[in-house]
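Dear colleague,

I am passing a structure to you and would be grateful if you would look it over. My notes on what was found in it come after the structure itself.

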Amino acid sequence: FASVRNAAQRGAPLYLQLKKSIEDAVLSGVIGPGDALPSERDIALKADVSRVTVRKAVQDLVKGGILVQRHGSGTFVAPRLERVEQSLSLLTSFTEDMARRGMTVRSTWLDRGIYPPSPDEMMVLGLSSKEFVARVSRLRIANDTPLAIERASLSATALPDPGAVGSSLYAALEKTGNRPVRAVQRISAANLGEADAKLLDVPAGSASLNIERISYLASGKVIEFTRSIYRGDAYDFVAELRLSG
Ligand code: 16G
């Protein structure tokens, strides 16, 4: 990062000039995904600015998701995320999808329990206000990258003990003969709020895909109502289209 002093004399604050020159280095591939950034001291020396200026530029780039900071080991160019290509015509589970790609799956529980149903849940699951809903909410992680927040609601009759769901909801449903055979899925674009962005490890305001899945048993009964938030930078949904008639 050459001295940014000359550019600074032309107006923009030093830290913004430095930020731009680091950004340019990343975009042009001078430093690539996963590479370590030189030390704060080295950058300050080379760019002829104070360490406070370097810190400010780096903090901005970390906030923007271009750099990542790891405690104890330093600052790195954010690794490029492999996008996941997901078919829209198969009724598969997250665990199955990731296992098929050879990725390791992990989930963090956000909530699991039995609750009185919300109006939405009553309508979709066909529950009365006297019945109960089982909620299973998880942050879904593949190869250590958080990919989606999934909030599933089922009738408590179908899932009386949400605490007993292991790593796969569909595997748990399969055991009781309640695995869905058909689903309707709706996908819409959104931007992540603070809390969800934090869980998904991306800057607030990043693009997301909100997915609602309503799935059915062979009998035609609704078994699952799941609202998910998928990272917009991680997923491509693919469907095969045919000429009708
Ligand atoms: C998928 C489904 C979700 C289902 C989950 C079960 C989408 C958008 N969502 O992620 O509705 O509950 O799989 O996964 O595809 P599991 O069996 O691994 O818990």
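In what follows, a residue is near a molecule if its C-beta atom, placed from the backbone, lies within 6 Å of it. Please also bear in mind that this is a predicted model.

On that basis, the ligand is surrounded by 14 residues, and the closest are S93, F94, T95, S168 and Y170. Sorted by class, this shell consists of six nonpolar, five polar and three charged residues. Several elements contribute at least two residues each to the shell: helix 5 (94–100), helix 7 (169–175), strand 6 (145–155), strand 8 (207–216) and strand 9 (222–231).

Turning to the protein as a whole, there are eight helices and ten strands. The domain assignment gives domain 1 as residues 5–77 and domain 2 as residues 84–238. The centres of domain 1 and domain 2, taken over C-alpha atoms, are separated by 39 Å. The radius of gyration of the protein is 23 Å, whereas a compact globule of 245 residues would have one near 18 Å. Along the principal axes, the C-alpha atoms fill a box of roughly 75 × 45 × 30 Å. Of the 245 residues, 26% count as buried. Among contacts with a separation of 6 or more, 61% are between residues 24 or more positions apart.

Helix 2 was examined individually. This helix covers residues 14–27, which makes 14 residues, and from its first C-alpha to its last it reaches 20 Å, close to the 20 Å expected at 1.5 Å a residue. Its buried residues are L14, Y15, Q17, L18, K19 and I22. After helix 2 comes G29, which has a positive phi, near 85°.

S107 is part of strand 4, which runs over residues 105–115. Is S107 buried or exposed? S107 counts as buried because 22 C-beta neighbours lie inside 10 Å, and the cut-off for a buried residue is 20 or more. Leaving aside residues up to four places away in sequence, S107 touches R138, L139, R140, I141 and S167. S107 and A148 are 41 residues apart in sequence, and their C-alpha atoms are 9.7 Å apart in space.

With kind regards

Key:
Residues numbered from 1 in each chain as written. Predicted model: local features only at pLDDT ≥ 70, side-chain atom pairs only at ≥ 80, totals over all residues. Helix = DSSP H or I, 4+ residues; strand = E, 2+ residues; numbered from the N terminus. Buried ≥ 20, exposed ≤ 12 C-beta atoms within 10 Å, placed from the backbone. Contact = placed C-beta atoms within 7 Å. Nonpolar A, V, L, I, M, F, W, Y, C, P; charged D, E, K, R; others polar. Expected span 1.5 Å × (residues − 1). Domains from an automatic or database assignment. Rg over C-alpha atoms; globule rule 2.2 N^0.38 Å.
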